Amino acid sequence: MNWDLLRRDAFVLFAKYSPKVTLGTFDLTLLASAKLAGATRLLSFDQTLKAMAVAEGLEVFPGLNEAGKGLLARLKR
């Protein structure tokens, strides 16, 4: 893993989504890592992470629940 690219991409995600929802740095790092690795799907039980992943174009499993869908709507504003 290229740590400089990971840090850069995590900062981009933070700048994009932190004004809209409360984010965890570990969640941002996981999503940035997945995207850098070329992932198309993400397995998670955390609704915030899954909502960010969907907003970034990844498929998630299991799907978003109602709370996750609400977070996704806030992220897309």
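Mentor: Remember that this model is predicted. Start with Trp 3, which lies in helix H1, residues 3-17.

Trainee: Is Trp 3 buried or exposed?

Mentor: Exposed means over 50% relative accessible area. Trp 3 counts as exposed because its relative accessibility is 60%.

Trainee: Where do nonpolar side chains tend to be in soluble globular proteins?

Mentor: They tend to be buried together. Now look at the largest nonpolar core here, with 21 residues. Leu 31, Leu 42 and Met 52 have the most contacts inside this core. Helices H1, H2 (25-36), H3 and H4 (66-76) each supply at least two of the core residues.

Trainee: Let's take Met 52. Where is Met 52, and is it buried or exposed?

Mentor: Met 52 sits in helix H3, residues 47-55. Buried means under 20% relative accessible area. Met 52 is at 0%, so it counts as buried.

Trainee: What does Met 52 touch, not counting residues up to four places away in sequence?

Mentor: Tyr 17, Leu 23, Asp 27, Leu 28, Leu 31 and Leu 75.

Trainee: What separates the C-alpha atoms of Met 52 and Lys 76?

Mentor: A distance of 9.4 Å, with the two residues 24 apart along the chain.

Methods. Residues are numbered from 1 along each chain as its sequence is written. This is a predicted model: local features need pLDDT of at least 70, side-chain atom pairs count only at pLDDT 80 or more; totals for chains, interfaces and linings use all residues. Side-chain values use heavy atoms; hydrogens and water are left out. Helices (H or I, at least four residues) and strands (E, at least two) are DSSP runs, numbered from the N terminus. Buried means under 20% relative accessible area, exposed over 50%, partly exposed in between (1.4 Å probe, protein chains only). Contact means heavy atoms within 4.5 Å. A nonpolar core is a set of buried Ala, Val, Leu, Ile, Met, Phe, Trp, Tyr and Cys residues joined through side-chain atoms within 4.5 Å.
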